[in-house]
Amino acid sequence: MTKHSRAAGCYAADHQGPDGRSKGGVAAIRAGVSLAACLAAMAAMPAFAQQAAPAKPDSAPQSTSTAPAADNEDIVVTASKTGAERLSRVPQAVQAFSGATLKERNIRDGADLIQLIPGASQAQEIGAGYRIYSFRGSGAGGPIGDGLVGYYLDDTPFGVPNNQSAPPINYFDIDRVEVLRGPQGTLYGQGSAAGTIIYHTKNPDLQKVTEAGEAEISTTNDASKINYRAAAALSIPLVTDRLGLRISGGYDYRAGTADIYAGAPTGTPRAKDANDVVAKDIQAVLLWKPDDLTTVRLRAWYFSTDQDYLNVINSVNPPYAAYQGDVVGYDRRRAEYFSGTIIRDVGKFTVTNATSYQKSLPGGFQVGLNLGAPLGIGVLNNGGNAHNFVNEFRVATSGTGPLHGVAGVFYQNATGLYTFDINFPTLALKGSTITKTENVAVFSEVSYELFGGKLVPLVGLRYFNDTRKSDSLSNGTHVLSNANPDALTWRANLAYYPSKDWLFFFNAGTGFRSGILQSKAQADAVIADGVPSSISLTPDKLRNLEIGTKGTVFDGALRLAVSLYDIKYTNIQSAFNTSIGLAAFANLGDGTSRGIDVEATWRTPAKGLVLSVVGNVNDSKFTNVLPAFGTANPRIGNGQRLLNTPPFNWRGDASYDHHFGAYDFFATGSVTAIGRARNGDATVNTINPYQLYNMSTGVRFDRYEIRLFADNLSDYRGPTAANGPTLLAGPRPRTIGITFRLNSN
C-alpha cells in the first residue's frame, strides 16, 4: 500500500490482497473500514509604517509584569523577521498575547488558545496529545497531508510532513504568542498556507536570579480523582550581561472522566474514570551575548503526553467508552526538540541563522472499536516516530531608512515512520509507511516607505522545491512512490498610515501544500471511478485577498482591528472512498471562504474594567467540485458549506482589577460561542452550535497570586468533535479549582 498520509493508506492495502485486488465482502464492510480509515488518517503520526526602532528578535521586550497588560498595551512582535514592530502598526491580520494575558484567561493548551483567534476552529481530536486546528476554512479537506497551519517555536518550525497536529505546549513559560491569519507563503512557506502560530519562550535574565512557579488543584464533574499541576522556572545569570541559563518545566495530571465497558454500556464498567492524562515537559534556554553585536540562543525541550484510553468515546454525557473488550486504550506522544539561533549585527544589516532538530519518539494510539457486522469488535493501533532537521539563514535590514527587507534560504530534511495494526474477526491488516522529504526554499520580502512613511508598499516571493518519497508495506505488499513538487508563492501589501493612531492595509498572498503520495492501486481505483488522480496528488493552493484597518479612539481607550478576506482554495486534497471499497485520495475541486474578523478592546470609564471581543463571521463553500467526486460523496458539492468550518466564532472577555493598598483584587469572565459546523464524518453530519463560560477571581500581593477559577460553568458536554457516532469528544466537564502563583521578581 503506499498511503503516505498517515491513515487511509493503511486502508488502501487494507482491503487489498497481495495482487492488489479487492478482497471479498467489500460492499458489506466498506462503511466500517471507512470509519477506521478516517480515524487512522487523522492520527497515524506520533506526537511529536511607522515601525518601532528595529531590534534583534531576541531583544524584543519580554513580559515581566505580574499583572496582565497585553490587551491595553502595544505588544512588540517580530513576525516580519525584520526586527521588532508595535502590533498596532503591523499591516496584516496579526494577534499577539503576552504570557500575562494567557495566564489571566486560563489558557492551558491549544484548545483554549484557539478560542481567542477569529475564524479558527478545532478540526479533529483523538487524545490529549493529538489535535488539529483550522484557520478560515483550511480544514475542509480533512486531517490528511501536510499541515495548513504552521507552528513555530521561536525561530524554527515544529512538526513533520504529513502531520497536522499542534504541539502540546506548556503555556507556563511562554513570553508571548503571535498569531498570523491568512497565508504566510513567503516568510514561513510550506505548512503555513492558512496561517502561523509562533510561540516565543522566555529568555534568561542576564542581570539577576529570577524564579517563578505555580501550583493548581481542581475537581472535574464525573471525575473521581483530583486534578493537579505544578510548574516552575529558574533563571541564573552565569556571567552578568553576557551569559544566562533558564530552566523550566511542569507536570500536569488531569483525572479521567470516562467509564470503560468491555461490551455494551450496561452493568458495572470494567474501569471507572479511566482516561487520565499526564503531561510533562522540561526545557532549558542558554542565552550568550559574547559582544554587543552578537547573540547566541540555544534551547532544548522534552515533552510527553500520556493518556489512558482516548478523548474520543461512545458518549460524552455520561462519558463512557463501550465495546472495548480487554483492550487498554492509550494515546502516547513524546518528542525532543533542540534549536539554536545565532544573530549578528553587521552594519545596517542583521544576519540570523536558526537551526532545529526534532525527534518524535515512538508513540501513537490504540482503541477498541465496534464496527458492526460483519467486522464485529476489534482493535485499531497506530504508531510511529519521526525526525526533522531544519536550517534557515537570513539577512534583514536593521537601519532606520525607508527601505526594509529580509531575504533567506530555508532547508528541511525529515523522515516519518507510520505503523498500523488492525485486528477484527473478519479483517486483519498490518503494515507501515516511511515518508521522506528533502526541500529547499529561497525567499525575500521588501518594503519601502513613501511620503515620510505614510504609504508603505511591500512585495515578497518564495520559491520552494520538494523531493518526497514514500515506502509502504501492507500485508506483504511493498510499494514505492515519489514526487518532486515545486511552487512560487507571493505576497503584496500596501499600508497607509494617516495618523499615529490608525492604519489601513490591503494584503494579497498565496499559499501552497505538497501533494499526498499514494499507491498505484489507490490511484487506479480513483481513476476508475471517473475522478482524476495519480500516485502524487496535485498540490493544493490558496489565494487570499484582504483589506483591514487598525486603530484607537478615545485617547487609546478603545482599540479596534477589522479585516475582510476573500480566500480561494484550489485543488483541495481529500480522502476518497472508491466504489471497490479502497480508501484513497483525490483532489476534490475548489472552495471559497469569505469573512470578516473583528477584534476590539475597551478600557471602560469604570476604573479597572476592561472588555474585549474577538470574532469571525464567514460564508465558506465548495465550488467547482469534480462531478464524480460529488457523486461518490454527496456531502461535497458546489454551494455546500465547507466541512469543519463553523459559520462564526466569538469570544467576549471581561476583566476587573481593583487596588486596595498592597493588594490587587481581580475578576475575569469569558463566553465563547461557536456556530453549527458540518462535520467531516458523514455519520455525525453536523456539530451543534454551543457556548462555553469561564470565570475566575483572586488577589495579587507582592509577587504572589491566588486565583479561584471555574471552567465550563454550564457543564456543556458536546460533542464538539466527532470521528464517528462512537468516537465523540467534547470539552472537559465543569472544572473548579484554585491556582497559587509566584510571579517573577
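## Strands and a hairpin

Two strands pair if DSSP finds at least two bridges between them. This is a predicted model, and strands β26, β27 and β28 show such pairing in it.

Strand β26 covers residues 502-513, and strand β27 covers residues 540-553. They run antiparallel, joined by twelve bridges. Thr 510 faces Arg 543 of β27 as its opposite residue.

Strand β27 also pairs with strand β28, residues 558-570. Here 13 bridges join the strands, again antiparallel. Lys 541 stands opposite Thr 570 of β28. The hairpin of β27 and β28 has four residues between its strands. In this hairpin, Phe 554 takes a positive phi near 55°.

## Aromatic pairs

The structure holds 18 aromatic pairs. In one of them, Tyr 228 and Tyr 251 have ring centres 6.2 Å apart and planes at 15°, so the pair is stacked. Tyr 228 lies in strand β11 (residues 227-239) and Tyr 251 in strand β12 (residues 243-254). The pair therefore ties together parts that are 23 residues apart in sequence.

Tyr 228 is partly exposed, at 40% relative accessible area. Tyr 251 is partly exposed too, at 33%.

Elsewhere, ring pairs build a cluster. Its members are Phe 158, Trp 301, Phe 303 and Tyr 337.

## Charges over rings

How values were computed: Residues numbered from 1 in each chain as written. Predicted model: local features only at pLDDT ≥ 70, side-chain atom pairs only at ≥ 80, totals over all residues. Heavy atoms only, no water. Phe/Tyr/Trp six-rings, centres within 6.5 Å; stacked < 30°, edge-to-face > 60°. Helix = DSSP H or I, 4+ residues; strand = E, 2+ residues; numbered from the N terminus. Buried < 20%, exposed > 50% of the residue type's maximum accessible area, 1.4 Å probe, protein only.
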